[in-house]
Amino acid sequence: MNALELRNIEYTYSKNTPFENTALKGVTVAFEQGRVNGLIGHTGSGKSTLVQMMNGLLKPDAGEVILAGKNIWDEPKKIRDARFRCGLVFQYPEYQLFEETCEKDIAFGPKNMGLDADEINRRVFSAADFVGLDRDILQKSPFELSGGQKRRVALAGVMAMEPEVLVLDEPAAGLDPIGRTEIFGGIRRYQRTKGNTVIIVSHSMEDVAEYCDTLTVLKNGEVLRSGSCAEVFAYEKELTESGLGVPQITRFMRLLRERGVKVAEDIYTVDAAFDELRRILDGKRGGADA
Amino acid sequence: MLKDITLGQFFPGNSVLHRADPRMKIILAIIYIVFVFLAKNSAAYLLAVGFTVLLVLLSRIKLSVVLKGLKPLLFIMVFTAFFNIFWTKGETVPLFSYGIITIYREGLWFAAVMIIRVACILAGSSVILTYTTSPISLTDGIERLLKPLKVIHVPVHEFAMMMTIALRFIPTLIEETDKIMNAQKARGADFNSGGLVKRAKALLPVLIPLFASSFRRAGELATAMECRCYRGDNGRTRMTKLRYSGIDIVLLILFAAFGTGIILMNIHLGFFLNFGMVL
């Protein structure tokens, strides 16, 4: 079952002006229910445009956006429903915070949904728990917080709407390693607890390799590759040519293999590489002892 | 989207008007506007329209782009023309009369003149200045032209710097507004329904982050300028020295000819056909 499906999406910015720019040329992609899907592409590949199609912020020139089996543009008046059901976290979302306290800011989405006060409260606290925000931070002004904390408040603001599909555009951009782990940890907790679908847009191969089940590669407004991490990363040359490449550790393992070390091919994270090298080293030592 | 608004937009190019000195272009724009206003009869207006078309051709900017720039004022033009047509009382026999509606020749004349005047001035001055001059060289020109005012302690350089910075940040702020609006829409904000109060309130989630980021940007810019030792006008040299060239002299002669033409047309009414007479 697909939580979200885009069919033959086409979109052109500033149509009929000297600044005309075709961003999407017939993109078809499906995101399976309950999985973490990665969407990768070089700058200008159409990622951010595609993301705004998903919740109806942009209306495609041609094609359909199917959310849980229904075209969201069938009833344009109810497009706000699509925004609640497909929660979108923009790049650098900390710049959207505006309320006096973090708690109120997180409650902005649920309030717009017209929920009652108890339900709003429950959602605010559960969203804060997902991203690991303490109760005392909730009472602070978002303008007093650090960058990473602000980012987590903004993320919680979308999670609090409890969308069936959570879309994140470069959620870890500009954060330090600790901030990255915290953000991705929060996203993972949300996905595992709710069983909802997550779509992560990124150009960091390391991040998508670590957190995503499936990958879709965009290039110049078209889908270049789509499939599991292993399926996509098998095309290292093609990915490198489109300015993306494979995770550094995967490349490292390939270079090792070329020099005669018999490591497995499907290594995409540092942890997996560690285990693999450990296995080979242990095997060698064991062999020498015998 | 907000991005599509052309607000005094500059179209890069290499035409005669692009290469002219910004100081000269400011002077020429003033000359042009003054003479369009001085035009009195149909022949003079015809000359003004012809000259405006010549300017558009000189700038090598597509006519469709220039006409699109007039669009925002179309409503006001049509509206005023409408009132001119129906409310102007003429001295001669009405051209058309039905019930309370009476149309006089003068009404049509005034409406036509009004539309021609506004369209010419708007199209002409954008082609001379905003479409062909980058904001930076425009403020540079203004600064140079106003330099004599320094004698009476007008902070010309500071004003020019403020204008440069303001112009520079207009597109940035528009983009930022667009982004924040989208982010709040993604959380269900609704900017397009409800009464005036509700709509004004709905803008708060956009305005607050926008103000916050403007202050942040201003602070960052100030620091960056200080890091590069900006200390105001004193002792500051220029990367590009403005210099009048042959193009500027030719343009000045062209505009002078235009002005003379208008005055000649105004005086020798009888030589030319008058729209008013024909109608």
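How far apart do the C-alpha centres of domain 1 of chain A and domain 2 of chain A lie?

Modeller: The C-alpha centres of these two domains of chain A lie 36 Å apart. Before going further, please note that this is a predicted model, in which local features need pLDDT of at least 70 and side-chain atom pairs count only at pLDDT 80 or more, while totals for chains, interfaces and linings use all residues. Residues are numbered from 1 along each chain as its sequence is written, and chains are lettered from A and ligands numbered from 1 in the order in which they are written.

Chain A is divided into domain 1, residues 2-229, and domain 2, residues 247-290, with bounds that come from an automatic or database domain assignment. Where the domains touch, domain 1 of chain A gives five residues and domain 2 of chain A gives four, a contact being two residues whose C-beta atoms, placed from the backbone, lie within 7 Å. On the side of domain 1 of chain A, the largest share, four residues, comes from helix α8 (residues 205-211) of chain A. Helices (H or I, at least four residues) and strands (E, at least two) are DSSP runs, numbered from the N terminus. By class, that side of domain 1 of chain A has three nonpolar residues, no polar ones and two charged ones. Here Ala, Val, Leu, Ile, Met, Phe, Trp, Tyr, Cys and Pro count as nonpolar, Asp, Glu, Lys and Arg as charged, and the others, Gly among them, as polar.

Chain A also holds an open sheet of four strands, in the order β2-β1-β4-β5 with antiparallel pairing, where two strands pair if DSSP finds at least two bridges between them. Because β2 (21-32) and β5 (70-71) of chain A stand at the edges with a single partner strand each, one side of each has no neighbour in the sheet. Helix α1 (residues 47-54) of chain A packs on this sheet, touching β1, β2 and β4 (62-67) of chain A, and its direction makes about 125° with that of β1(A); axes are lines fitted to C-alpha atoms, for helices over the stretch in contact, and angles run from 0 to 180 degrees between N-to-C directions. Nine bridges join β1 (residues 2-13) of chain A to β2(A), and within β2(A), V29(A) stands opposite L6(A).

Taken whole, chain A has twelve helices and ten strands. Its radius of gyration is 21 Å, close to the 19 Å that the globule rule gives for 290 residues, so chain A is as compact as a globular protein of that length; the radius is taken over C-alpha atoms, and the rule is 2.2 Å times the number of residues to the power 0.38. Of the 290 residues of chain A, 43% count as buried, meaning that 20 or more other C-beta atoms lie within 10 Å of a residue's own, whereas 12 or fewer make it exposed and anything in between partly exposed, with C-beta atoms placed from the backbone.

Chain A also meets chain B, in a contact that takes 23 residues from chain A and 19 from chain B. On the side of chain B, α7 (156-186) and α9 (204-227) are the elements that give two or more residues, and α7(B) gives the most, with seven. That side of chain B has ten nonpolar, four polar and five charged residues.
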